[in-house]
Amino acid sequence: MTLLGRLSLEALPFYSWVAMGGAVVTLLAVLLPVLFLSYKRLWPWLWREWLTSVDHKKIGVMYIVLALAMLVRGFIDAIMMRAQQAIALNNEGYLPPEHFEQIFTSHGTIMIFFMAMPFLTGLINIIVPLQIGARDVAFPFLNSVSLWLTAAGAGLVATSLVIGRFSTAGWTGYPPYSGIQYSPGVGVDYWIWALMVSGVGSTLTGINFIVTILRCRAPGMTLMKMPLFVWTTLCTSLLIAFAFPALTVVAAMLGLDRTLGMHFFTNELGGNMMNFANLLWIWGHPEVYILILPAFGIYSEVTATFARKPLFGYRSLVYATAVIALLSFTVWLHHFFTMGSSASVNAVFGIATMVIAVPTGVKIFDWLFTLFRGQITFHPALLFTIGFIVTFVIGGMTGVLLAIPPVDYQMHNTTFLVAHFHNMLIPGALFGYLAGMQYWFPKAFGFTLNQRWGKWIFWLWTIGFYLAFMPLYLVGLLGMPRRLEQYTTPEWQPYLIVAFIGACFVLAGLCAIFIQLWVSVREREQNRDTTGDPWDGRTLEWYTSSPPAPYNFASIPKGDERDAFWQMKQTRMAYRFTQPSSIILPANTGMGVLLGVSGGILGFAMVWHIWWLALLALISIIALVVVRSSREERVSIYQPELIQSLEKPWQTSLAQAGLIGDGDPI
Amino acid sequence: MARLFIRSLTSAPLLHLYGLMMLCGLVVLSGCSLQSSPLLYPKGPVASTERELMLFAIAIMLTVLIPVWGLTLWCCRRYRKGGKGEYRPDWCSSTLVECGVWGGPLIIILLIGYLVVVYTFRLDPYKPLTVHSTDTTPFPVQAVALDWKWLFIYPELGIATVNELVFPQSRPLALEITSDTVMTSFMIPALGGQIYAMAGMTTHLNLIADQPGTFTGRNTQFSGTGFPQMYFSAKALPDKAFEDWLGTVRNASSMLNSAHYHQLARPNKSYAPVEYFSSVDTDLFNHILARYSAPSTALANGAL
């Protein structure tokens with residue numbers, strides 16, 4: 001048995017129907033696509049064109065596919081919890097405590113690490129290099145490694161549904177509960193390794209985009225001329241690079257406690273769980289802004305485009321973003337005002353927290369003044385933005401309330417807090433990603449998404465959000481703590497039933513996302529984006545074909561002005577092409593996939609204490625890195641003739657649309 | 001002065017107005033009135049002040065929220081394509097607007113920031129409280145979080161109870177809190193805010209009940225399978241009733257010694273019934289603390 005460490009047949013989910021159901025659904029979700037791909041003999045194509053790709057656009061698409069899959073998985077958790085709480089007055093409900101605990105843990109872990117992070121990383125990947133007029137990111141191979149490490153982390157969480165169990169310690173994994181004494185199973189280890197493996201991926205992404213944005217911008221594009229989405233990405237990347245190491249360290253320390261019997265955070269022998277809370281939130285609070293700043297960038301782009309005006313107060317927006325990024329490192333203690341700090345400490349952190357409301361308020365007003373004197377068309381992306389503004393300020397208000405230490409003493413750990421952070425993360429971050437998807441989809445795929453279904457998505461999510469979370473604010477005022485599997489207070493139940501109805505609306509909204517994709521793919525011929533500029537855009541990503549050729553731009557555009565592409569169109573300088581010269585791009589490589597698989601195996605082996613396999617995986621990782629680093633870089637070369645033939649269809653469409661005049665050279 | 005201002009803003013008719021605004025029609029959830037909310041209808045001065053502070057902060061912030069909502073709707077209506085508003089494709093800066101945009105939120109945050117400083121010190125849970133500015137001494141109780149129940153030790157009286165915290169309403173309650181299990185959080189919402197309970201450490205909480213009554217208290221921090229059952233009743237009794245209750249406890253047969261404590265500390269999954277102990281080791285609380293203190297002390301105290 002030692003050959004397989006802790007792994008035995010008992011790890012299989014035959015112990016309850018809920019666990020079996022979860023395992024079967026997970027297996028089907030993996031098997032059905034695998035069978036489909038095998039049946040259609042698509043594996044070679046998938047491997048060649050997608051899995052091994054180092055093209056930032058394809059990597060971005062794969063990130064978003066992962067994010068949407070995990071959104072479904074995380075949402076199933078959510079609606080199961082809402083269903084449980086809607087019925088569990090004075091009874092067990094349908095979920096035993098152990099399952100309920102695994103579900104609230106995996107819901108939080110998945111939504112933050114494997115839905116939100118991949119979603120924003122995907123959007124950043126697809127758009128940022130285009131917006132700054134670059135051919136790719138600074139380190140395309142590293143980008144592929146990041147993707148596959150993130151996927152490996154997601155794979156570990158998914159595996160825990162079939163083999164073994166997931167953590168019951170909540171997504172924050174507070175010790176001593178998450179220590180070996182109180183959580184002896186493999187659940188917390190799955191959580192630790194999923195976070196560490198994907199955390200490396202996120203850190204590399206952060207570094208990659210800092211370098212990309214600082215080093216790869218089009219000529220003329222000074223920092224203060226960058227589109228706002230690029231600015232927010234830069235700030236987010238800096239936050240990732242500085243904050244994620246804290247998470248890696250704290251997860252590793254907890255892992256050492258659990259695996260090697262150390263005492264960083266245990267009750268005994270000088271361990272101190274308060275250190276865990278501090279370290280976790282030193283990552284955790286910046287993480288909130290990592291998730292939300294890119295969404296702020298998307299709202300900015302969408303508002304300017306659909307109001308057909310430059311952003312109001314561009315400088316203010318940039319400074320506000322930078323101030324938020326900086327301050328996000330100074331407020332972590334507000335997550336545990338109730339740990340017994342002195343009044344002075346609590347007051348300082350309370351005020352620091354509120355100060356963040358100032359730049360955030362500035363942003364809200366700047367977006368509103370961008371709409372002011374504009375010419376607004378209500379594209380679904382703009383609907384999400386308006387829904388965000390109206391709803392987010394409620395979350396801002398409750399956030400300031402929670403930042404007042406004495407009020408937090410009353411609200412902490414209640415569903416009021418749960419409602420608050422969902423109010424930040426759903427209208428704040430997720431609406432932004434969905435807006436980004438509606439807005440940039442044609443750029444990635446060459447046809448627009450069906451707008452009627454886009455509006456359905458917006459309304460279903462918005463109504464669902466209000467119905468699901470406003471009752472949680474109220475039931476928090478009634479004193480209901482979070483993470484409650486059952487309760488004895490009848491006054492709470494009506495609110496929880498309404499919240500469940502809200503979750504059903506969100507379910508409909510989730511289905512609408514996939515219906516929209518299906519309808520749009522079916523109608524793609526009618527909705528082709530032939531010019532590459534379907535919304536009369538302002539920034540450089542619209543100044544190339546949709547989807548762009550692998551090299552993005554046949555010749556690198558100039559970024560001399562803010563809203564560079566809009567200015568070109570105004571001065572009739574757009575679409576003046578010069579003779580292309582040859583372009584060199586890195587060739588595809590399977591190394592990223594292999595590194596991801598090795599990382600996943602390393603995590604799995606560490607979870608189950610299969611030491612030989614862990615060692616093997618570690619050696620394989622080191623070997624892959626050595627081989628990759630010592631081998632000459634393989635490239636693909638695009639000769640001018642090839643480029644011209646690739647550009648031909650787009651230029652023909654432009655001419656047909658009358659965008660290239662007779663006198664303009666092609 | 002500020003306090004007077006807050007008082008006037010939290011007067012009864014206004015309170016109802018705020019409540020109305022906050023609920024935004026969500027009280028369509030009829031039959032589930034917020035009357036039962038321990039936070040909105042508190043039973044002690046600490047919780048009352050916390051509520052005042054919350055409602056006042058909401059009122060201040062609504063002065064921003066309402067304009068934001070109004071401006072959003074107005075802009076969307078007036079400046080929609082084909083709407084009445086004049087399209088100014090290049091208008092993107094105005095010093096005046098920028099000043100307002102930075103200044104408005106700044107003023108509000110300065111105002112609330114001032115409240116934070118004043119009230120965080122005033123409502124510091126560690127600060128001893130007095131009743132009606134008399135010299136009544138606080139009533140000390142030691143609370144221990146166990147899996148999954150609360151043990152209360154009354155050092156002044158040498159008794160202990162499980163899942164029932166009883167105190168004379170005329171005296172402020174001075175709690176010393178620790179945990180003999182994972183991190184938990186102690187809270188009696190009707191009387192005031194919560195504080196964590198952590199093994200090897202003591203935290204403090206001072207509360208007062210305005211009137212006699214029974215309030216629900218609980219652990220609010222998830223702590224394992226029995227977490228939903230980790231609640232207790234807190235009873236503030238008039239002096240006479242308290243004496244009667246004390247008599248009942250003193251007549252209880254069980255005594256809480258070290259051996260019995262070990263039995264008590266074992267996890268229970270269903271709700272642990274109320275238990276009374278007529279006597280208790282005076283040093284029990286310190287022994288529980290010492291189990292987790294620095295290694296040398298822990299070895300010395302190995303017995304418990």
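Q: When do two strands count as paired, and in which sense do β1(B) and β2(B) pair?
A: Two strands pair if DSSP finds at least two bridges between them. In this predicted model, β1 (residues 139–146) of chain B and β2 (residues 149–154) of chain B run antiparallel, with 5 bridges between them.

Q: What joins β1(B) to β2(B)?
A: A hairpin does, passing through 2 residues. If you want a bridge to look at, find Leu146(B): its partner in β2(B) is Lys149(B).

Q: In which sense, parallel or antiparallel, does β1(B) pair with β5(B)?
A: Parallel here: β1(B) and β5 (residues 173–179) of chain B share 7 bridges. Look for Phe139(B), which sits opposite Leu173(B) in β5(B).

Q: Is β1(B) mostly buried or exposed, and how do side chains sit on a strand?
A: In a regular strand, side chains alternate between the two faces of the sheet. As for β1(B), 6 of its 8 residues are buried, so call a residue buried when 20 or more other C-beta atoms lie within 10 Å of its own.

Q: Which annotation covers residues 136–248 of chain B?
A: An unreviewed UniProt entry labels that span "domain: Cytochrome oxidase subunit II copper A binding". In the model, the span is 50% strand and 9% helix, and its end C-alpha atoms are 25 Å apart.

Conventions: Residues numbered from 1 in each chain as written. Chains lettered and ligands numbered in written order. Predicted model: local features only at pLDDT ≥ 70, side-chain atom pairs only at ≥ 80, totals over all residues. Buried ≥ 20, exposed ≤ 12 C-beta atoms within 10 Å, placed from the backbone. Helix = DSSP H or I, 4+ residues; strand = E, 2+ residues; numbered from the N terminus. UniProt positions renumbered as here; feature names shortened; annotations may be inferred.
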